[in-house]
Every structure is written in structure tokens, then in C-alpha cells.
Amino acid sequence: FFDCRMALRAAQVKKYEAAGRLAKMAAGAKVATQLTAAKLSLGKKNYFSAMASAEKALCANPLSSAAHRVLVDSAKALDFPQTMISSLQMIKKANPKDKEITQELAEALEMLGDWDQAEKVMKGLADMNPDDPDLQQAYKDTAAKATIYRGNYESVVRGEHQLGYDEEAEV
């Protein structure tokens, strides 16, 4: 359902952006009610209920960072990295210089095994903050992990590496 959710979110954003001022004000009231329910569910560790309430809030305002934050926290607890990524990307779009969101996005990408994108996200953050040694180290760590996973170095170390020819034929 993830692809369907992404298509729905894109349609919701388009509709919301085309809405008039009065419609957006009315949506704000719906968002507040649903966010309260979502945060209460999140506090009770009822993650599915929190996600459902956050989704209802996003139906009213698909750009709500608070609703996306509830989705991220619930999805993290439920181990739904794709949902985390889509909401983190929406939050990052609203706050492009937020270091913590960017690092959280990179971690979620790593969870999915999307090392190239995780490295790209961290490189962008490191480039925006050249004087931050912690971010520079975090980027280097991500780049190193990406290299390891891209090159399958772990399988080589464990002895699972397969050569491209028949090793027994040479013995």
C-alpha cells in the first residue's frame, strides 16, 4: 500500500495548495482534533491508532509537520521505514536545514538498505555545515558503511565470497 499512499499524499498536497484560505482554516481545526488523538495514542504506545489519527490529520492538511512527526515516531516503533522516509522527507522539505531530521532520514534510508541515498543526504548536510566536526564524522561513517554494503565486504570477511570462476578446478 505504500505506493498508493504516496500517490494519495501527492493528490492531497495538490488539493490543499489549491484550496482557499477559509478551507485551510477549517482544515486547521480538523488537524488539531486528530493530532490530539494521535499524540494520546502515541503516548499509550498504541502506534497503529496513532498512525490512523495522523493520517486523518494529513487528509485535512498534508503538509502538517506535527502529523508527519507522529507518523515517523509510530512507523519507527512499528519498523515501517518507508513510511518514516516519506514523512521525514515532508518534514525536511519544510525545514531543509534541520540537522536532526536529515540525520534521522539518513538512518531510515540505511534501514531500507538505500546506502547511496543515505550517503547523498548526509553529504548534503555535511556540505551545508563544513565547520561541524560531528556532522563531518557522521557523513564519513555513513560513506564508509555505504562502501562496505555496496562492495559486499562483510560477506568476504565471513568467507561467503564467491569468485567468478570454479576454485576447485584449479586445485
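# Side-chain pairs and nonpolar cores

Lys123 and Asp127 both sit in helix α7, four residues apart, or about one turn of the helix. Their side chains form a salt bridge, with the closest N and O atoms 3.2 Å apart. The model is a predicted one. Five salt bridges are counted in it, and a search of the whole structure gives two aromatic pairs.

**Salt bridges**

- Lys99 forms a salt bridge with Asp132, and their closest N and O atoms are 3.3 Å apart.
- This pair links distant parts of the chain: Lys99 belongs to helix α6 (residues 99–112), Asp132 to the loop between α7 and α8, and 33 residues separate them.
- Lys99 is partly exposed, at 35% relative accessibility.
- Asp132 is buried, at 17% relative accessibility, because the cut-off for buried is under 20%.
- Lys145 and Glu110 also meet in a salt bridge, at 3.0 Å from N to O.
- Here too the link is between distant parts of the chain, with Lys145 in helix α8 and Glu110 in helix α6, 35 residues apart.
- Lys145 is partly exposed, with 33% relative accessibility.
- Glu110 is buried, with a relative accessible area of 15%.
- Salt bridges also join Arg69, Asp73 and Glu104 into a network.

**Aromatic pairs**

- A pair of aromatic rings is described by the distance of the centres and the angle of the planes.
- Phe48 and Phe80 have ring centres 6.3 Å apart and planes at 55 degrees.
- Phe48 is in helix α3 (residues 47–60), while Phe80 is in the loop between α4 (65–78) and α5 (81–94). The pair therefore ties together parts that are 32 residues apart in sequence.
- Phe48 is exposed, with a relative accessible area of 55%, whereas Phe80 is partly exposed, at 32%.
- Trp115 and Tyr149 form a stacked pair, with 4.5 Å from centre to centre and 0 degrees between the planes.
- Trp115 lies in helix α7 (residues 115–128) and Tyr149 in helix α8 (residues 133–150), so this pair ties together parts 34 residues apart in sequence.
- Trp115 is buried, with a relative accessible area of 13%. Tyr149 is partly exposed, at 38% relative accessibility.

**Nonpolar cores**

- In soluble globular proteins, nonpolar side chains tend to be buried together.
- The largest nonpolar core has 20 residues. Leu88, Leu105, Leu109 and Met122 touch the most other members.
- Helices α4, α5, α6, α7 and α8 each supply at least two residues of this core.
- Which residues does Leu88 contact, leaving aside its neighbours within four places in sequence? They are Arg69, Val72, Ile101, Glu104, Leu105 and Ala108.
- Two of these contacts of Leu88, Arg69 and Glu104, also belong to the salt-bridge network with Asp73.
- Another core, of 15 residues, lies apart from the largest one. Its members include Ala50, Ala57, Ala67 and Val70.

How values were computed. Residues numbered from 1 in each chain as written. Predicted model: local features only at pLDDT ≥ 70, side-chain atom pairs only at ≥ 80, totals over all residues. Heavy atoms only, no water. Phe/Tyr/Trp six-rings, centres within 6.5 Å; stacked < 30°, edge-to-face > 60°. Buried < 20%, exposed > 50% of the residue type's maximum accessible area, 1.4 Å probe, protein only. Salt bridge = Lys/Arg side-chain N within 4 Å of Asp/Glu carboxyl O. Core = buried A, V, L, I, M, F, W, Y, C linked by side-chain atoms within 4.5 Å. Contact = heavy atoms within 4.5 Å.
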